[in-house]
Amino acid sequence: MSKNLLFATTTELIRVPSESVVFISADGNYSSIKMVDGGEYVLTLQLGQIEKRISEMVEDDDNRFVRIGKSLIVNRDYITFINPTRQKMILSDCRAFRHELSASRDALKALKDLIEKEVSL
Amino acid sequence: MNILPNDIRDDEIRIISSEKKDNKGRQPETYKKIPVAKKFPRFSHNNEDFTPKPKWKLWLVISVILFIGALCVFFWWEIRRDTLPEEKEHLQIKISKAERKNVIIETADNLKIPVPTQNLEEKGFVEYFDTVINKEKFTIFKPQNLTPELRVGVETLRDSIPKFVVQAADIRKDNGGIVGAYIYKGNLVSKGQAKAGFCAIINGKPIIGVAETTPYLEEAIENDGFFFRQYPLVMEGQPVNNKLKSSSLRKTLAEINGEIVVIMSHDRMTLNDFSQHLVDLGAKNAIYLVGSSSFGFAIDKEGNKIEFGKEKENPSINTNYIIWQ
C-alpha cells in the first residue's frame, strides 16, 4: 500500500491515500484536491508547494503524479482519454467518476507521448 | 513567488517523484524540467529525457508566413511603383545631324558636280512637329513613303534600314512574353487577348481598331502580315475608358484624317487624359504604344536621326517594335 499524502497548514490538515487523489488544480493561492469518492479539499497552498510536498512524501518508485503546466497535477492512473488537438483530457476510474479537464495542446501531446512510451516499454 | 528550483510553463509537464533519488546534491530528477513544450517530444528509455523532434510544422508555418509576406511586399511594391508620383519625366528627344555624303561626278568637260547619295524624299522619311492641345505638348510623327511592319528583338535598333522605330506590344513582367496576340509575318508567335486595341498590318497597310475579336487577325495570318494588341485609347472618335490610373509619358499609334501617325506626350499623364487629348487632336482610332521612356528613333527628311526615350540596359528578348522602312 502506498503512503498517505499529508498536507498541513496552520489551520488545517489533510491526509489522503495517494491513490485516492484524482487531480489537484490550482486557483491562485489556493489548490483544490479532487478525490475518487467525489470529495474535494481546498488548501491554502500553491500548486508548486503541493508538488514539492508530494515529491517529499511519495515512494521512490511512485511516479503516478504528473504536473501539467502551471495549474494541474494529475494522477496518471486515472487518465482514460487525451486529445491534444481538442485540448481535452478525461480522468476516470471507468465506474464511479469521470472528470473532463483541459490543458495546453503541447502539454497534452507530451503527456500522451509519455504514456504511449511507457506502454511500449 | 517561486518555491521550486524550476518553474513550469503551461505547455510543459513533469513527473513528480521522490526527492530521495538524488543523493549527490544535484537537482532532484523530480524537478527536472522536461522540455516537452515541443510538438513531438521523444523519450529516452527512462522516460525522463526528452529530445525535441524537428519542429517541421513550425518551420512550415514560418515558411508560409514568410512566403505570404514576400508576396505582400512584392504586390505592395508593384502598386506603389504604379501609383506614386514619379520623378518629373519629360519626353527626351535627341537629334543627331546627318552627315552629308555627296558623290562627285566628273563630266566630260571636267566639271565636278556634287549630287546627294540618296534622295530621302523618294526613299521615305518621317515628318515630325510639335503641337499643343489643352495646354499639353505633343510631338506628332508622320511616316512618309514608308511601309510599316513589326520586328522582335533589340537588334532592330542597330538596323540602318528602318526610318522609324517605336516599341509596340507590351512585355509581360513575369515571363518576358509578349502581351496579347502577336503575329509576325503570318505566324502567331503569341496568343491571348489581354487588351482590346489592335494594330494589323496587312500588305503593308496598317489598320488600327478596337475589338475583342477581329477578322484582321486571321487576315494577317493568311497574308503573311503582322498583328499586335495594345490598350485601346480612341474608338471611332470617342475616348475609351481605361483602368490604368497612373501617370506616365504616353505614346500612341493613331489614325488622324486617314493617316497613321505616332503621337508622344511631352509630360506625364493618365491614359484617360491622353485619350481625351487624342480625340481633341482629331484622332478617329488610337491604340497605346509602350510608353514611359521606351526607346525608338525616326529619320527626318534631312537624314537627321531623332532619338526619343532611353535604351534599357537589359531589354527583354521579346522587346518588339513597329518599324517603318
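Trainee: Which residue stands opposite B:Glu255?

Mentor: B:Glu255 stands opposite B:Ile260 in E19(B). Before we go on, this is a predicted model, where local features need pLDDT of at least 70, side-chain atom pairs count only at pLDDT 80 or more, and totals for chains, interfaces and linings use all residues. Residues are numbered from 1 along each chain as its sequence is written, chains are lettered from A and ligands numbered from 1 in the order written, and side-chain values use heavy atoms, without hydrogens and water.

Trainee: Okay! How many bridges are there between E18 and E19 of chain B?

Mentor: Six bridges, in the antiparallel sense, link strand E18 (residues 251-256) and strand E19 (residues 259-265) of chain B. Strands count as paired if DSSP finds at least two bridges between them. Strands (E, at least two residues) and helices (H or I, at least four) are DSSP runs numbered from the N terminus.

Trainee: What sheet do those strands belong to?

Mentor: An open sheet of seven antiparallel strands in chain B, ordered E7-E8-E19-E18-E20-E16-E17. At its edges are strand E7 (125-133) and strand E17 (238-239) of chain B, each pairing on one side only.

Trainee: And helix H4(B), which of its residues are buried?

Mentor: B:Leu271, B:Phe274, B:Ser275, B:His277, B:Leu278, B:Val279 and B:Leu281 are buried in H4(B). Buried means under 20% relative accessible area, exposed over 50%, and partly exposed in between (1.4 Å probe, protein chains only).

Trainee: What comes just after H4(B)?

Mentor: B:Gly282, with a positive phi of about 100°.

Trainee: Which residue in chain A has a positive phi although it is not a glycine?

Mentor: A:Cys94, whose phi is about 65°. Most residues other than glycine have a negative phi.

Trainee: Where is A:Cys94 found?

Mentor: Look in the loop between strand E9 (88-92) and strand E10 (98-102) of chain A. A:Cys94 is exposed there, because its relative accessible area is 65%.

Trainee: What about B:Lys185, what is its phi?

Mentor: Phi of B:Lys185 is near 50°, a positive value in a residue other than glycine. B:Lys185 sits in the loop between strand E11 (182-184) and strand E12 (187-190) of chain B. With a relative accessibility of 42%, B:Lys185 counts as partly exposed.

Trainee: Back to chain A. How many helices and strands does chain A have?

Mentor: Chain A has two helices and 10 strands. Along the sequence, the pattern in chain A reads β-β-β-β-β-α-β-β-β-β-β-α.

Trainee: And how much of chain A counts as buried?

Mentor: 50% of the 121 residues of chain A do.
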